Amino acid sequence: MQQQEFDSGTGPGLPDETVFVLPQGWRRALHPRRGGTPQALPAPVADAEALVAGALRQEADWLDRMLGSPDSDPRIVAAMREHLGGRPSPLGAAALAVVGNSHRLPGGAFTDAWTAAHGLPFAACAAAALFEIEPFWNQQSPPALRFAAEPGTVDAHQLRPQADRARALLAAADEPGYRAAVTALAGCRTGSRSRVVVSYLVPGEADWVEECCADPAVTAAADPALRALLLCSLSSAEQLAALGSGARMGWNGWPLSLVATVAEGLGTAAVPLLAEAFAEAGNPAQLGALAAALAEFPTDEAFALLLSRMASKPVRPELATAMRRYPVRALRLMGAAALGPGPQAAAVRRLLAPRVRAQRGRCLAALPQLDREVAALVVSLAGPGPQLPDAPSSALPRLLVEPPWVGRRARAGAGADPLLGALPARMPELPEWAEPALLPQIVLAGGGAALPESAVRQVLTVLALSGPGRVYPGLAEITAACTAESLAEFAWALFEEWRLASMPAKDSWPLYALGELGDDGTVRRFAPVLWAWPGEGAHRRAVEGLEVLARIGSEVALLHLHGIAQRVRFKALKARAQEKIAEVAAGLGLTAEQLADRLVPDLGLEPDGSTVVDYGPRRFTVGFDEQLRPFVRDADGGRRKELPAPGPGDDPELAPAGRRRFAALRKDVRTVAAEQVWRLEAAMVSRREWTAGEFREFLVGHPLVGQLVRRLVWLAEADGTATAFRVTGGGGFADAADREVPLPAKAGVRAAHPLELAGEVPAWSALFAGQGIVQPFPQLARPVRALTPTEAGADRLLRFEGRTVPVGRLLGLTRRGWERGQPQDAGVERWISKRLGESRYLVVALDEGIVAGAAGEFPDQRLESVRLACRPQDRQAHDGRPLRFGGLDPVTASELLVDLEQLTAV
């Protein structure tokens, strides 16, 4: 395939390709035709005649039985006897090939033997006759040979090699030899099937092909093998139109040989045929192969087909290939799709936007070739400002001008030169999708120029030399010479190209490049991808993603890592994230929870948790509600959910910048809020304590967390005495009567569970209601329950057993610390459990169980048993004593009972 790339200048922009050229890689699979793509004729099978004779000797018994069978067609028997008696007969030769199991010999051996002994016209007729004969087995009589029904079916898999060889010989024959064969074949066209086979042998005879296309017996036939022969004979769109009714090749019916041969004959007119196959493909390998074929056709229809299935993993890399080959077509069609309705529009826009920004100048130069609406979209995606000029070689790091892996630099003394010593024996090859022209510019420190394309390729090589546990030493030279912001954007765009190429394992280095070049913005974009990977069958990638977050190592990165460690529902990923957090915390002499306290970002907010957005003439104050959802107050104190759009009187620079800052702040706070509300509720249930100093510094003093803290009741315990208090707006501490109370320096502080407040709950509820304090999660209004005396002495909760519950409620328990069981036979999870301490669990056995990946398969679940249990390795901790619910503390027991009551509520 002739592959067009982005031009290297600033001139005409992007070419729009329309000419189809058969890809070089397809030629080996092609069934050649006379006057078609030049091909070297394969050498004839050595000793073909001897091989054929040997095959017939081995099948002598079969031959005798078929010749003597009363069920064999007399015409076939007569032709076989004639050929064996020295009077050459194409039909007899073909029948002998059927008996001799021609498929067991090297491809085309019978055809080569016929050609050597009797000439090409005879061989062509014998190859055509092969498709007229089929063996017949009857348990009551010897095997027989009959003429196949018309149009019928034959075992084309066995017969096709002889026909392929004859077609190749005819395509390469001189004109007199070819014409003699055509004359001989004219007499072989006796029925619908034979006419199709003859047209396959000599597809250049257009009249014969057109006759087949118009034959209802052919077009209505159910035999895909017959249609494949005819499809390989087509050479014009008119013939295809006459054939009609589609290809109907069935499952896995489009091997590369058929695709290549049809494409050579029809060019871009073959795309509608492939569209039919593409729509029906269900096997991932078949879908990927057809997508790869469509990517070779420079047509809007082919590109649109790829775009229609962009969500499919086998299709994504081929769509990326088509985007690189046909950039203007990508702009036109993807731009139109991005403007359309439905969820795909947003997905296409996300895919298109970084490409437009990376190639801003060239995309803008292509605007005259686009519709007005699409052109306007491209302009909006391109962003402000032209690209920076290329920096001269003198301004570049030496590594990017004279890389050690290029040229004849001596390897002697490579302990002396770390750049040489770190090179592998075999240098990595950059994949096709790692194309500098599709990536954003890398800006040199100072901001006046960017790396030229040649230098960018060296940056890609440096990244390819790095990976898990290793960083090529030259990377430090690059990061010192270039701006961190541009490197982070470059790494993210490269990562997206890798994802689009279906994340090939052998080229996973773009994932690790995020860890070396990424920043907090990278973390915010990467975290949702990482959370989704396990559910997409990419668990290994998700585990590698944890290393990326740990490598970035910023507070935002570690905050996200901690969130995964606490809340992701995939147990193996959760466990690995906890290990990574523990590693980081241990290095700092902290627990994982203490580390999490220190990682909550303040997002640039004022100590009271507010911030001001400046529009110039107008200023707005941003605050947060009990769920840390942002709201806006104007100068008059009016409250609104959103910032207003900039108006004509606002500062043209401050207002848009302020609006963008608010959008980013809202996104960041959403992530922080969900994590912190969950952490505080979990801390209340687990009765986690902070020191008074930690409580003041990391909770009360934090501009975001402090707003949640002021909406809760706390307990300070010192010298055996527990005092309930709240944090006032001024940062002080007060009791339920709103009297100031001290917080002893040695006190342990925890969020109060209502069971621990005893009779004070009504007073606290009245105080909060009177002051309009809304809690971030149920605390004072939290239901409390207690075990019955019988339950306290047992290890089962019989009142919940035998109840039937919706599977959705069971899955909802995972948000409250419950875990789904390991999939058992047929992928069914037979239990759900909750950890109640160091060595105790409550296990709920399920009937039918939850099907992993298809939770709705059994929408109702019966609770077979609800009992205490421990893991085998924890049994020793109980010294053989039976587990009893009475061993649980009241808060744990209450929370457990509330969960089960809500689960089984009618």
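Modeller: What follows takes several kinds of feature in turn. Please keep in mind that this is a predicted model.

Colleague: Let us begin with aromatic rings. How many aromatic pairs does the structure hold?

Modeller: The structure holds 18 aromatic pairs. One of them joins Phe-20 and Phe-297, whose ring centres are 4.8 Å apart, with 5° between the planes. Planes under 30 degrees apart count as stacked, so the pair of Phe-20 and Phe-297 is stacked.

Colleague: Where in the chain do Phe-20 and Phe-297 lie?

Modeller: Phe-20 belongs to the segment before α1 (48-58), while Phe-297 is in the loop between α16 (284-294) and α17 (300-308). The pair links distant parts of the chain, as the two residues are 277 residues apart. Both Phe-20 and Phe-297 are buried.

Colleague: How is the aromatic pair of Phe-495 and Phe-526 arranged, stacked or edge-to-face?

Modeller: Phe-495 and Phe-526 are edge-to-face, at 5.7 Å centre to centre and with 80° between the planes. Helix α27 (residues 484-500) contains Phe-495 and helix α29 (residues 520-532) contains Phe-526, so this pair ties together parts that are 31 residues apart in sequence. Phe-495 and Phe-526 are buried. Ring pairs also link Trp-492, Phe-495, Trp-498, Phe-526 and Trp-533 into a cluster.

Colleague: Over which rings do the charged ends of Arg-65 and Arg-309 sit?

Modeller: The charged end of Arg-65 sits over the ring of Trp-62, 5.7 Å from the ring centre. For Arg-309, the ring is that of Phe-278, and the distance to its centre is 5.3 Å.

Colleague: Which residues of α27 and α28 meet?

Modeller: On the α27 side they include Leu-487, Ala-491, Trp-492, Phe-495 and Trp-498. On the α28 side they include Trp-509, Leu-511, Leu-514 and Leu-517. Trp-492, Phe-495 and Trp-498 also belong to the ring cluster described above.

Colleague: At what angle do α28 and α30 pack?

Modeller: Helix α28 (residues 509-517) and helix α30 (residues 539-552) pack at about 20°, and their axes are 7 Å apart. This makes α28 roughly parallel to α30. The crossing of α28 and α30 is right-handed. Among the residues that meet are Leu-511, Tyr-512 and Leu-514 in α28, and Arg-541, Glu-544 and Val-548 in α30.

Colleague: Next, the backbone. What is the general rule for phi and for peptide bonds?

Modeller: Most residues other than glycine have a negative phi, and most peptide bonds are trans. Leu-603, however, has a positive phi near 55°; this residue is in the loop between α33 (592-599) and β3 (611-614). Arg-687 is not a glycine either, and its phi is positive at about 60°. Arg-687 is in the loop between α34 (654-686) and β7 (690-691). The peptide bond from Asp-847 to Glu-848 is cis, with omega near 20°, and Glu-848 is in strand β15 (residues 841-851).

Colleague: Why does Arg-687 count as partly exposed, and why does His-31 count as buried?

Modeller: Buried means under 20% relative accessible area, and partly exposed lies between that and 50%. Arg-687 has 36% relative accessibility and therefore counts as partly exposed. His-31 has 10%, so it counts as buried. His-31 is in the segment before α1, and its contacts beyond four places in sequence include Arg-160, Asp-164, Tyr-200 and Cys-232.

Colleague: Finally, how far apart in space are Leu-787 and Ala-893?

Modeller: Their C-alpha atoms are 7.1 Å apart, while the two residues are 106 residues apart in sequence. Leu-787 is in the loop between α38 (761-770) and α39 (789-792). Beyond four places in sequence, Leu-787 is in contact with residues including Leu-797, Phe-885 and Ala-893. For Val-727 and Ser-72, the separation is 655 residues in sequence and 101 Å in space, C-alpha to C-alpha. Val-727 is in strand β9 (residues 721-727) and is buried, with a relative accessible area of 1%.

Key. Residues are numbered from 1 along each chain as its sequence is written. This is a predicted model: local features need pLDDT of at least 70, side-chain atom pairs count only at pLDDT 80 or more; totals for chains, interfaces and linings use all residues. Side-chain values use heavy atoms; hydrogens and water are left out. Rings of Phe, Tyr and Trp (its six-membered ring) pair if their centres lie within 6.5 Å; planes under 30 degrees apart count as stacked, over 60 as edge-to-face and the rest as tilted. Helices (H or I, at least four residues) and strands (E, at least two) are DSSP runs, numbered from the N terminus. Buried means under 20% relative accessible area, exposed over 50%, partly exposed in between (1.4 Å probe, protein chains only). A charge sits over a ring if NZ of Lys or CZ of Arg is within 6 Å of the ring centre and within 35 degrees of the ring normal. Axes are lines fitted to C-alpha atoms, for helices over the stretch in contact, and angles run from 0 to 180 degrees between N-to-C directions. Angles under 35 degrees count as roughly parallel, over 145 as roughly antiparallel, 65 to 115 as roughly perpendicular and the rest as oblique. A crossing is left-handed if the near helix is turned anticlockwise from the far one by less than a right angle, and right-handed if clockwise. Contact means heavy atoms within 4.5 Å.
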